[in-house]
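Here is a short briefing to read alongside the model. Please keep the sequence and the 3D view open as you go.

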Amino acid sequence: MRYIIDELASEPINKLRSDLVAFEQALPDELPPTRGDLVLGLALGYEPQTIAPWVESLQEMRRENTEAVVFIDRDATALKRYLTSRSITTCTFAQHDFPRAHVAMVRFFDFLHFLRKQLMEGKVYDQVLLTDVRDVIFQKQLFSNPCHGLEYHFENSEITIGDCAYNSKWISNTFGSKILEELASENISCAGTVCGRARGIFDYLIHMQLASLALTEDKRMAHGVDQAIHNYLFYKGLCRTTKRMANFDRVAALHYVQGDSLDCDEKGRVLNENGEISEIAHQWDRHQRLRKKIEQVAFQRMNRSETRTMHGPNTMNLNLPGAGKLKLPLVSVIITNYNYAQFLLDAVASVEAQTYPHIECIIVDDASTDESGAVLDGIERREAAVKVIRHETNGGQTAAFRTGLAASCGEYVVFLDADDLLLSTFVETHVFVHLSVRIPVGFTSSDMLQTRGDRIVRACWSHLSNYAASGLGLRSNIFRRIDCCTADLWPLKNTLLNDIEKRVHLVESGAWGDWVYAPTSGNCFRRDAVEMFLGDENLMNLKFHGDTYLNKGVCLVSGAVLIDIPLTIYRIHGGNGFSNHAELFGVHAADPEKAFKAEHYAWRAVVDRLIDNADFFVRKMGVYRYTEALVLMQKACVVSPDFPQFKKLDLHLENALHSKAETLTTLIGEDKFRFLVDGVRDAGLRRADHKSFAPRPWLKPAAELFLTMGRVLHAPFFSQIGSKLWSW
């Protein structure tokens, strides 16, 4: 077990390793059972409906002498109530005295801790199953065939570790490229279902923990470390009495099985191509057709029970008195990729790690020329729930946005650049804010971490952070928490939400001005707001700067809310489209001309959208707000002496109005059109270097005074005066 330098191990780790070795040596070769069988699982962060297929199928298929124990969060009261009603014992998940490790690895520490405690009390189980709970169902009486000493259940015999982008990455990250070369031609065994006799399970858990303790902390904390160690133990022969079990022997691992060769019977049991049923089905949620049937059967079983916690499949159905069944909204996360093969898996994993349960994931590849195709092939094989769309020709960011939007169904939309990552509470926090804020804004925008490699360089995005720090947009009465409506309406728990109302800043509709939002991956849009700017009508040839166009256009029409919490990771890797280094005060993180060009093209695209689709926007906004928005756009037009090549934009809006004079006059009336033309003509152009002039010395202190008074006195009127003074 010395594939990592032992000198890296601290004294507590050495002590733990010594204790494990001593415990293993003290174990007899045989452990005669004193109890029946045991199923051990971990349900961390799950709601009852998420694991209902596992629970309900276990309830029907376990024998009388089979106990079930599930580790859960300390405060997961609804889940505990549901599991207890199904005669499943719950234990509080904890790391005990173990070093920090990924939660998927820590579960094995807790499993061993639990079994050792039972052994000390003279309780030895006969057969033990260590199992995932989200994507596992039981289809026959559990342990219909007696277990071998320790069973390793293998996936598709034609797929090797080297074929799988995930497993090869996990093993390489954990043990290095040399070990990956040794194991690349071997088949994959999944750590999600491991079973055996008590002695074999003890042997397995001891060596899983020993292998983990030999790693550095960053490797222990990495996603997939449990899967890497699991396969390593088998192929290195570190556990005794292991039995290799082919796919469908006891466990049907469905990830690499073609969906059209599978079916479900009326009881929701998965049948293979020969119509056979395995004792356990794993990874069934990779196949949409199976998933729908299995969840339907599971919730029929739930509804037949007198104790009913949730309703419906993994869509957060809520049964409210007098309101029927309500569901929290679907969120579509659209990953846009162009030549980011090395980051794609991490982006997908960050979506899968979201605490919010109702998400669809769509990847749009914009005709990449790197290894993205192979990575996407692996994702399609492994993640049946992820939809992959490939452009035949490169169309740019805006085209990728539109493709993803057309393929999605969510009421809320997140555009995730493939080189960025969402922190696990991103979607949950954004949806919570959307449902709690009194003003229905077009999008929410949260702060971002800026990283280089695996290290944080900056913990915020300057524009958003400065806006929040100034107190702009704070309104004492803008927020009414959705979780205060009823006990069940918002069942998720997130400590970041405890003081969220103090971290929410409004950017009112009609704003254009300076950039105050996060880049692409930090935003969550209302679908109907996005469709106004990415609908079916033709756009100008806006291949780049789609995020600037979308953020500023939506905010102009529908406003935005800034969330003063970092919920996204923006990677600096040298190939970024915008920032080539983390922010430095006074030093632009991107080429100044590129930034100005983005403003230029986004401004023109929004103007053209408003003019070319005037009938649509007049119907949506009304005549007054529509004319006001166009006048504001002219005031917001930026000119800069540094980039004279863009000066021809000065008359773009005026010329556009004259070219559409007849149509606009018919829509808004002759008086309003004349007012619009005069307002645009009289609007002064904004200079990009306006901040270089010294402001009035009293302006900023006065703005801060009014903003402070507004906060202290809970007086929005004073806050609004302060906001005006600040932006003057």
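Buried means under 20% relative accessible area, exposed over 50%, and partly exposed in between, with a 1.4 Å probe and protein chains only. The model is predicted, so to speak of local features a pLDDT of at least 70 is needed, side-chain atom pairs count only at pLDDT 80 or more, and totals for chains, interfaces and linings use all residues. Residues are numbered from 1 along each chain as its sequence is written, and side-chain values use heavy atoms, leaving out hydrogens and water.

**Serine 368**

- Serine 368 counts as buried because its relative accessibility is 18%.
- Its place is in the loop between β16 (359-365) and α12 (372-382); helices (H or I, at least four residues) and strands (E, at least two) are DSSP runs, numbered from the N terminus.
- The side chains of serine 368 and aspartate 365 are joined by a polar contact of 2.5 Å. Such a contact is a pair of N or O atoms within 3.5 Å; within protein, one must be able to donate a hydrogen and the other to accept it, and residues adjacent in sequence count only if both atoms are side-chain atoms.
- The serine 368 side chain also reaches the backbone nitrogen of asparagine 339 at 2.8 Å.
- Leaving aside residues up to four places away in sequence, serine 368 touches Asn337, Tyr338 and Asn339, where contact means heavy atoms within 4.5 Å.

**The seven-stranded sheet**

- Seven strands form an open sheet with mixed pairing, in the order β3-β2-β1-β4-β7-β6-β8; two strands pair if DSSP finds at least two bridges between them.
- At the edges lie β3 (89-92) and β8 (242-245), each pairing on one side only.
- From one strand to the next, the twist averages 20°. Axes are lines fitted to C-alpha atoms, for helices over the stretch in contact, and angles run from 0 to 180 degrees between N-to-C directions.
- β4 (residues 127-131) pairs with β7 (residues 189-197) in the antiparallel sense over five bridges.
- Leucine 129 stands opposite cysteine 195 in β7.
- Helix α3 (residues 77-85) packs on the sheet, where it touches β1 (37-43), β2 (66-72) and β3, and its direction makes about 180° with that of β2.
- Helix α4 (residues 103-120) also packs on the sheet, touching β1, β2, β3, β4 and β7, with its direction at about 145° to that of β1.

**Helices α22 and α23**

- The axes of α22 (residues 661-668) and α23 (residues 670-682) come within 7 Å and cross at roughly 125°.
- Ala661, Leu664, Thr665 and Ile668 in α22 meet Glu670, Lys672, Phe673 and Leu676 in α23.
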